[in-house]
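These are my notebook entries on a structure that I looked through on screen. I record what I looked up, entry by entry.

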Amino acid sequence: MASPDSSILPAVVRDHQREILQQWIAEQSSGSNARSDLLSDAELRQQSSEFLQLFREAVQAGNLGNVMGTEWQGVRELLATVSKANAIRGFTPIDTATFVLSLKRPLFQQLTTDAGSDADLLARETWTVTTVLDSLALFTTEVFQRSREEVISRQQQELMELSTPVVKLWDGILAVPLIGTLDSARTQVVMESLLQRIVDTEAGIAIIDIAGVPTVDTLVAQHLIKTVAAARLMGAECIISGIRPQIAQTIVHLGVELVGAVTKATLADAILYALRQSGWSVSRGRS
Amino acid sequence: MVSVRQAVRAWAVEMKFSLVDQTKLVTAASELARNTLIHGGGGSARLEALEDGGRQGIRLIFEDQGPGIEDVKLALTDGYTTGHGLGLGLSGSRRLVNEFEITTSPGEGTRVAVTKWK
Ligand SMILES: Nc1ncnc2c1ncn2[C@@H]1O[C@H](COP(=O)(O)OP(=O)(O)OP(=O)(O)O)[C@@H](O)[C@H]1O
Ligand SMILES: [Mg+2]
């Protein structure tokens, strides 16, 4: 029999690893949280078996009071990998935490058998298992959260690039229709992709259309001026179009001058100007 | 920032300001909110609907507990900036509204109140 303050958990996990694993897998595939649509049986078996092995090693090392200790590093790393993979695959944080929490029942069952009639021991062991697994489950939700945030910020970045398409209108003429709030991060993306396309297409004229930008304040103006200046350095002339009457009046009162750029009221005006500038003549055909 | 702009626009639309006046007010709000945030280290924005003898207006009050402005006249000069801006935010927004009031003292913060009448 074990002494009052030494845990039988290490021995239980060591001696019954196989049975615990079987029960745990059964538990996971039968529970209401079973996600066989997202995770194959083989993967589930693999994940559970790896976890239990690392869990066993950590438990043998003896630090049951603190899952942030070095003994638990292997377990934490595996959980972090699982959490991240789950976040990307579309599991909920509950699914991921349930993976850990569902180990409680198999462990309790095995402990009940091994503790025999020692009720004090069983109560103590149950408490130990509960705190350890709860802490590990909390850890998975934390990692899950962080991974989701990474996914979101990457998507934002992609969206930003998508929402600022530089289109080639004609030989040597590019256009960027800007829609939405023009913050510093987005301006950076616009500027970079515009300059890159100027190089790639050897464009001589770039039209920046701001018809879809709700407010043009001094910061937006400054961003535009910088973009125009950079384009000029690359040898391209800029036309800013889509300046609505109310925006024009506001810019004038603010005292902002869009230096270096030709400005046009509409995109159509800008295209016409750009074509003429490049030596094309535009005329309506007779029918 | 975005929410201040949106709130001001919503009020201006609600009170049936002209499109030009809506744009001017939202732009002024954008400038003053950014100054509060960048130069004042963050603060508060308040919106008030005014009614004065049949005349309707909107007042915006921006307050911060930042470093304050040493020389207000200089700060209100076109092109003056202690940062990397165009230095047109303060002077420009004064031209976008009807009433402009600035209270500030070094070390104690800055309060800017602007009013636009319909
Ligand atoms: N709330 C504030 N607290 C402290 N200093 C301020 C505050 N608002 C403005 N200032 C000072 O006044 C100067 C002028 O402000 P202004 O808004 O005109 O220009 P800016 O913010 O530097 O550039 P931008 O043209 O982009 O607005 C600022 O550079 C800053 O030194
Ligand atoms: Mg400013």
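Which residues in α4(A) are buried? I found V75(A), R76(A), L78(A), L79(A), A80(A), V82(A), S83(A), N86(A) and A87(A) to be buried there. I note that the model is a predicted one.

**Entry: helix α4 of chain A**

I looked up the extent of this helix next. Helix α4 of chain A covers residues 73–89, which is 17 residues. From its first C-alpha to its last it reaches 24 Å, close to the 24 Å expected at 1.5 Å a residue. I then looked just past the end of α4(A), where G90(A) takes a positive phi of about 95 degrees.

**Entry: confidence**

Chain A has a mean pLDDT of 88, with 94% of its residues at 70 or more. Within chain A, confidence is lowest in helix α8 (residues 184–201), at a mean of 86, and highest in strand β4 (residues 237–241), at 97. Chain B averages a pLDDT of 95, and 100% of its residues score at least 70. For the complex, the predictor gives an ipTM of 0.90 and a pTM of 0.66.

**Entry: chain A as a whole**

I recorded eleven helices and five strands as the secondary structure of chain A. Of the 287 residues in chain A, 42% are buried. Among contacts in chain A with a separation of 6 or more, 73% come from residues 24 or more positions apart. The accessible surface of chain A is about 15000 Å², and 54% of that surface belongs to carbon and sulfur atoms.

**Entry: a nonpolar patch**

I asked which residues form a nonpolar patch on the surface. They are V167(A), L169(A), W170(A) and W280(A), with about 380 Å² of accessible area together. W280(A) counts as partly exposed because its relative accessibility is 43%.

**Entry: A261(A)**

I located A261(A) in the loop between α10 (245–254) and β5 (262–263) of chain A. Is A261(A) buried or exposed? A261(A) counts as buried, because its relative accessibility is 18% and the cut-off for buried is under 20%. Leaving aside neighbours within four places in sequence, A261(A) is in contact with V228(A), C238(A) and I240(A). I also noted the pair A261(A) and I239(A), which are 22 residues apart in sequence and 5.5 Å apart in space, C-alpha to C-alpha.

**Entry: T23(B)**

I turned to chain B and found T23(B) in helix α2 (residues 19–38) of that chain. T23(B) counts as buried, at 4% relative accessibility. Which residues does T23(B) touch, not counting those up to four places away in sequence? I listed Q246(A), I247(A) and T250(A).

**Entry: salt bridges**

Side chains of opposite charge can pair when their charged atoms come close. I counted 14 salt bridges over all chains.

E27(A) lies in helix α2 (residues 17–30) and R105(A) in helix α6 (residues 104–115) of chain A, so the pair ties together parts that are 78 residues apart in sequence. E27(A) is partly exposed, with a relative accessible area of 23%.

In chain B, E48(B) forms a salt bridge with R59(B), with the closest N and O atoms 3.4 Å apart. Since E48(B) lies in strand β1 (residues 43–52) and R59(B) in strand β2 (residues 55–64) of chain B, the pair ties together parts that are eleven residues apart in sequence. E48(B) is partly exposed at a relative accessible area of 22%, and R59(B) counts as partly exposed at 29%.

I also looked up R111(B), which forms a salt bridge with E101(B), the closest N and O atoms being 4.0 Å apart. This pair links R111(B) in strand β4 (residues 109–117) to E101(B) in strand β3 (residues 99–105) of chain B, ten residues apart.

Finally, I noted that D217(A), E31(B) and R34(B) are linked in a network of salt bridges.

How values were computed: Residues are numbered from 1 along each chain as its sequence is written. Chains are lettered from A and ligands numbered from 1 in the order in which they are written. This is a predicted model: local features need pLDDT of at least 70, side-chain atom pairs count only at pLDDT 80 or more; totals for chains, interfaces and linings use all residues. Side-chain values use heavy atoms; hydrogens and water are left out. Helices (H or I, at least four residues) and strands (E, at least two) are DSSP runs, numbered from the N terminus. The expected span of a helix is 1.5 Å times one less than its number of residues. Buried means under 20% relative accessible area, exposed over 50%, partly exposed in between (1.4 Å probe, protein chains only). pLDDT is the predictor's confidence in each residue, from 0 to 100. Patches are made of residues with over 30% relative accessible area and no salt bridge: like charges are joined within 9 Å, nonpolar side chains (Val, Leu, Ile, Met, Phe, Trp, Tyr) within 5 Å. Accessible areas come from the Shrake-Rupley method with a 1.4 Å probe; for residues, only the protein chains shown count as cover. A salt bridge is a side-chain nitrogen of Lys or Arg within 4 Å of a carboxyl oxygen of Asp or Glu. Contact means heavy atoms within 4.5 Å.
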